[in-house]
Amino acid sequence: MDENKPKERIGVYVCHCGTNIAGVVDVGEVSTWAGENLKKNGVVIARDYKFMCSSLGQELIQKDIKEQGLTRVVVAACSPHLHEATFRNACKGAGLNPYLCELVSIREQVSWVHTDKIAATEKAKAIISGGVARVEHNEPLEPLRVPIHPATLVVGGGIAGIQAALEIADAGSPVYLVEREPTIGGHMAQFDKTFPTLDCSACILTPKMVQVGNHPNITLLTYSDVEKVEGYVGNFEATIRKHARSINTKDCTGCGICWEKCPKKVVDDVFEAGVGYRKAVYTPFPQAVPKYPVIDRVNCTYFQKGTCKACEKFCPTHAIDFAQEDEILNVKIGNIILATGWQLFDARRIPNYGYGRLANVFTSMEFERLSNAAGPTGGAIVLRDGKTTPKSVAIVHCVGSRDKNYNNYCSAICCMQSLKFAHLVHEKTGATVYNFYIDIRTPAKDYDEFYQRLIEEGTLFVRGKVAEITDAAFNPGEEGKLVVQVEDTLIGKQRRIPVDMVVLSAGIEPRFDSKETAKIFGISCSASGWYLEKHPKLDPVATMTDGVYLAGCVQGPKDIPASVAQGAAAAARILGKIQQKEISLEPIRATINEEQCSGCRICNSLCPFNAILFHEDKMVSEVNPALCQGCGTCIAACPAGAISGTGFSNQQILSQIDGLLFLNISKKEVVA
Amino acid sequence: MSDYIFYPGCSMESSAKAYYHSVMSVCKTLDIKLNEINDWNCCGATEYLSLDRMPAYSLIARNLALAEKQSNGSKTVIAPCSACYLNLAKADHYMHEDKAFGEQINAALAAGGLHYTPGELAVRHLLDVVFNDIGLEVIRSKVVKPLAGLRVAPYIGCMLPRPDYDKRYSNTEHPHELDDLLKALGAEVIDFPLKTACCGGHMTQIGPDTAFELIRRLIAAAAEYKADVLVALCPMCQMNLDAFQGQMNGYFKTNYKMPILFFTQLMGIAFGHKPEELGFGSEFVSARQAMSRIGVQTPEPAEIAPAAKKPAGLPMPPPLKKQEEPVGKTEEA
């Protein structure tokens with residue numbers, strides 16, 4: 001019949017991917033089969049090649065397009081994630097609309113997941129058959145080009161966010177830097193010294209904080225949260241809540257009289273990690289940027305009981321404003337960097353280590369504050385009584401890390417941090433220091449040299465995971481001490497080591513609200529809760545959501561140099577985008593057929609990108625192509641079947657299914 | 001009224017009568033109905049499980065099979081002894097995990113016309129039932145005599161939270177359920193560092209030196225924290241710490257006098273029951289002084305009769321075959 005005569009001239013290209021595919025799938029047979037059996041579907045040529053993605057492989061396709069007059073191309077290779085762009089560009093180079101090329105995966109979906117060679121070969125045939133049936137209905141599409149907004153939103157004012165913001169601002173583009181706390185600085189501002197050079201953390205951080213505070217291109221929004229993000233790459237709109245500081249920043253000089261006079265003292269469990277105090281009106285530390293304090297309304301006597309106002313009475317510039325309200329800002333930005341950081345593993349989750357039960361068990365963050373000259377003890381390393389200097393200190397590695405009961409991963413910074421602690425204890429107290437480790441991991445520049453130095457300084461290293469820290473004395477000499485019970489795996493013996501102080505090198509974890517934050521920005525988390533990068537090796541900076549980038553520990557545990565490098569890398573990627581001034585969007589979009597639309601509006605609220613608007617006059621919905629991301633939610637939900645997606649039309653999907661099923665695979669035993 | 005299947009275990013009829021009486025008394029107040037398994041047998045304690053799994057677990061599973069037959073809608077077996085609890089739970093777990101083993105056990109049970117379906121019953125300790133099914137709210141509502149002023153060392157022992165197949169306890173190393181329960185009774189509860197340490201188990205019989213050291217640690221730690229009493233929830237723990245405390249003192253030349261009570265005895269006092277009904281007075285180390293701190297008069301334990309002297313009459317002929325003296329008998333050497 002004439003109707004069955006193929007309309008298109010299709011070329012099929014089967015990739016060996018070295019042995020990645022060819023090791024399991026008989027690619028030669030697949031290509032011969034496609035050439036013969038899919039002729040009736042329009043296949044005029046089928047080839048297999050060692051590496052289709054190589055220049056020679058691409059040229060092979062281009063040559064065929066020109067010489068054989070191909071109108072459609074199906075490449076059976078890896079996931080579209082990796083090489084869809086490669087093959088579409090190759091087709092474009094030969095004058096074929098790139099969207100007429102279909103990449104079907106016989107690697108991720110076939111050779112990597114099956115061991116039965118016969119079955120895998122049959123499955124590869126089915127997948128190619130589906131691709132051929134589908135490609136016939138592909139339409140030539142043109143990408144949409146939209147202008148890119150030059151501003152960038154950086155979320156998180158730790159060292160990674162600071163670095164990213166400065167790089168972009170220095171290059172001349174505007175930045176909004178949003179930080180939840182009253183000041184930028186993040187965890188780095190809390191540290192005493194940095195490994196392995198032992199330079200003062202604040203001394204190297206605060207100049208950068210000042211630069212951010214003064215930078216004409218940076219709008220600094222502290223004590224603020226991002227509540228909502230809409231739009232798409234190049235054209236996002238963010239809703240930011242600036243919490244009421246209760247301080248009029250226009251008048252405040254940061255003189256500090258308010259917190260001097262404030263009568264309400266509260267335990268500071270953020271900046272001082274719970275070992276120090278602050279007032280109800282406070283700046284976390286003297287070098288805070290911005291310099292303006294905030295009134296913590298939960299603890300302020302006036303907000304709780306209605307009287308006090310000591311700060312207001314003494315403020316020389318009348319900057320206290322108890323009636324101040326939260327401010328909601330809407331900002332337009334082109335790109336986003338998430339640098340929301342990490343939080344400390346809660347060591348109380350391991351009750352046998354005694355944190356929270358035994359006074360002289362400290363966490364790593366508490367130790368940082370004790371050792372910091374600006375901390376609650378003025379830098380003196382003392383026991384919980386606030387005055388006794390310990391004569392012996394145990395530092396326990398891998399607390400909550402590399403432990404299947406808590407977190408499987410290595411927190412990456414604890415070994416070096418523990419070595420740093422050991423050095424500081426030696427230097428400041430002369431105490432005997434034990435480091436209890438599973439493995440020492442010091443794999444960066446100058447790190448292992450630091451380890452060697454600590455060994456020479458006389459730190460005692462005990463290899464073994466600590467079982468228990470207890471105040472129950474069994475032997476003479478243990479009374480009144482904390483006893484570390486550990487299997488010393490190097491001598492193969494159980495040991496009980498009495499000490500005065502224990503420091504738990506607690507691991508680092510994703511922030512408690514990281515999952516909700518991920519939802520706001522439309523990105524995904526790994527099983528451990530770290531944000532997923534686009535590619536773990538080749539694109540550790542971008543995410544699967546165009547225009548959203550990652551920097552610092554939000555992507556996984558890392559130290560300061562790595563966080564700074566990632567912040568700068570994310571900035572460089574965005575600057576490259578901004579320079580192009582406009583961005584091309586995938587033309588994969590949904591469209592609504594007005595005649596079929598009943599005006600039920602089900603799709604309106606389902607659209608995650610708010611891309612569907614409703615025309616009251618005509619009682620029909622319409623998709624805004626610039627906002628639509630082609631996710632297909634509305635298409636599946638429309639009860640009237642009035643919505644179709646370019647690139648994913650019903651016809652394309654149904655044909656692909658037909659194609660998949662066309663192959664009679666039941667003759668051979670197929671094991672999925 | 002909640003119905004449970006009850007597996008008392010051997011000690012409850014002999015050395016831990018105080019536990020038995022206080023459990024019965026407390027369960028009445030809490031509306032817990034205990035249906036004792038008919039014709040139950042010993043759980044095997046800790047003696048020979050490692051020698052031959054098959055007969056050992058068949059012996060335990062017999063109780064589960066009887067309980068299943070008798071279950072009458074109730075699917076929970078309560079064992080008040082940690083060793084019984086763990087043995088029953090292990091039998092159920094291994095039969096479930098290793099199907100072939102389960103079938104072997106059932107083949108053995110079939111000889112007695114019995115069968116157990118692994119996973120059919122939930123095996124739970126009394127503490128878990130009181131804490132999770134009854135709840136602290138109800139407990140608090142039943143307290144008429146708060147234990148305010150009594151410092152208590154909560155001792156769980158090693159078997160209850162390990163391996164904790166069904167994740168019923170807050171932590172394996174440092175669970176807080178017993179602490180919370182005792183606090184609900186109004187007691188002052190110390191943060192007992194050795195709450196899940198070993199009491200010595202049957203080492204009192206086969207290696208007393210080892211057992212004495214384990215007992216000493218527990219008693220010394222409780223004394224260090226100035227506890228008035230130490231509370232146990234297993235007959236074996238209670239016996240080791242109570243009955244062997246005197247020998248331990250002799251061995252180390254110490255003079256500890258730490259009363260060891262069952263948690264149900266303190267629950268009973270808080271619920272206003274008479275000390276006599278709760279088995280007070282059957283302990284070796286008297287709890288009288290400790291309990292008088294909160295105004296409760298408990299009976300003084302009966303004087304332990306000194307070991308009978310060798311009869312002064314004419315000598316007896318020795319036994320035909322020389323029998324070994326059992327090691328670590330309770331009377332003074």
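Hi everyone, let me begin with one strand: strand 3 of chain A is mostly covered, with 6 of its 6 residues buried. Before I go on, please keep in mind that this is a predicted model.

So, which residues of strand 3 of chain A lie on one side, and which on the other? On one side we have A:R72, A:V74 and A:A76, and on the other A:V73, A:V75 and A:A77, all of them buried, with both faces of the strand covered. As a general point, side chains in a regular strand alternate between the two faces of the sheet.

Now let's look at the neighbours of this strand. Strand 3 of chain A is joined to strand 1 of chain A by 5 bridges, and the two run parallel. You can find A:I10 standing opposite A:R72 of strand 3 of chain A. Strand 3 of chain A is also joined to strand 4 of chain A, again by 5 bridges and again running parallel. There, A:V73 has A:C101 in strand 4 of chain A as its bridge partner.

Strand 1 of chain A, residues 10–15, has strand 2 of chain A as a parallel partner too, through 6 bridges. In that pair, A:V12 has its bridge partner, A:A46, in strand 2 of chain A.

Let's step back to the whole of chain A. Its secondary structure comes to 18 helices and 34 strands. The C-alpha trace of chain A spans about 95 × 70 × 40 Å along its principal axes. Chain A has 672 residues, and 46% of them count as buried. Among its contacts between residues at least 6 apart in sequence, 70% join residues at least 24 apart.

How is chain A divided into domains? There are domain 1 (2–143 + 652–662), domain 2 (152–342 + 543–580), domain 3 (343–509) and domain 4 (590–644). The centres of domain 2 and domain 4 of chain A, taken over C-alpha atoms, are separated by 40 Å.

In soluble globular proteins, nonpolar side chains tend to be buried together. Here, the largest nonpolar core has 110 residues, and A:A165, A:L177, A:V484, A:V502 and A:L504 touch the most other members. This core draws at least three residues from each of domain 2 and domain 3 of chain A. A second, separate core has 104 residues, with B:Y20, B:C84, B:I156 and B:C237 among them.

That brings us to chain B, which is divided into domain 1 (2–125) and domain 2 (144–292). The C-alpha centres of these two domains of chain B lie 24 Å apart. Their contact takes 23 residues from domain 1 of chain B and 24 residues from domain 2 of chain B. On the domain 1 side, helix 1 (17–29) and helix 3 (82–97) of chain B each supply at least two residues. Helix 1 of chain B gives the largest share of that side, 9 residues. By class, the domain 1 side divides into 11 nonpolar, 10 polar and 2 charged residues.

And finally, how many residues does the contact take from chain A and from chain B? The contact takes 7 residues from chain A and 8 residues from chain B. The chain A side has 3 nonpolar, 2 polar and 2 charged residues.

Key
Residues numbered from 1 in each chain as written. Chains lettered and ligands numbered in written order. Predicted model: local features only at pLDDT ≥ 70, side-chain atom pairs only at ≥ 80, totals over all residues. Pairing = 2+ DSSP bridges. Helix = DSSP H or I, 4+ residues; strand = E, 2+ residues; numbered from the N terminus. Domains from an automatic or database assignment. Contact = placed C-beta atoms within 7 Å. Nonpolar A, V, L, I, M, F, W, Y, C, P; charged D, E, K, R; others polar. Core = buried A, V, L, I, M, F, W, Y, C linked by C-beta atoms within 7 Å. Buried ≥ 20, exposed ≤ 12 C-beta atoms within 10 Å, placed from the backbone.
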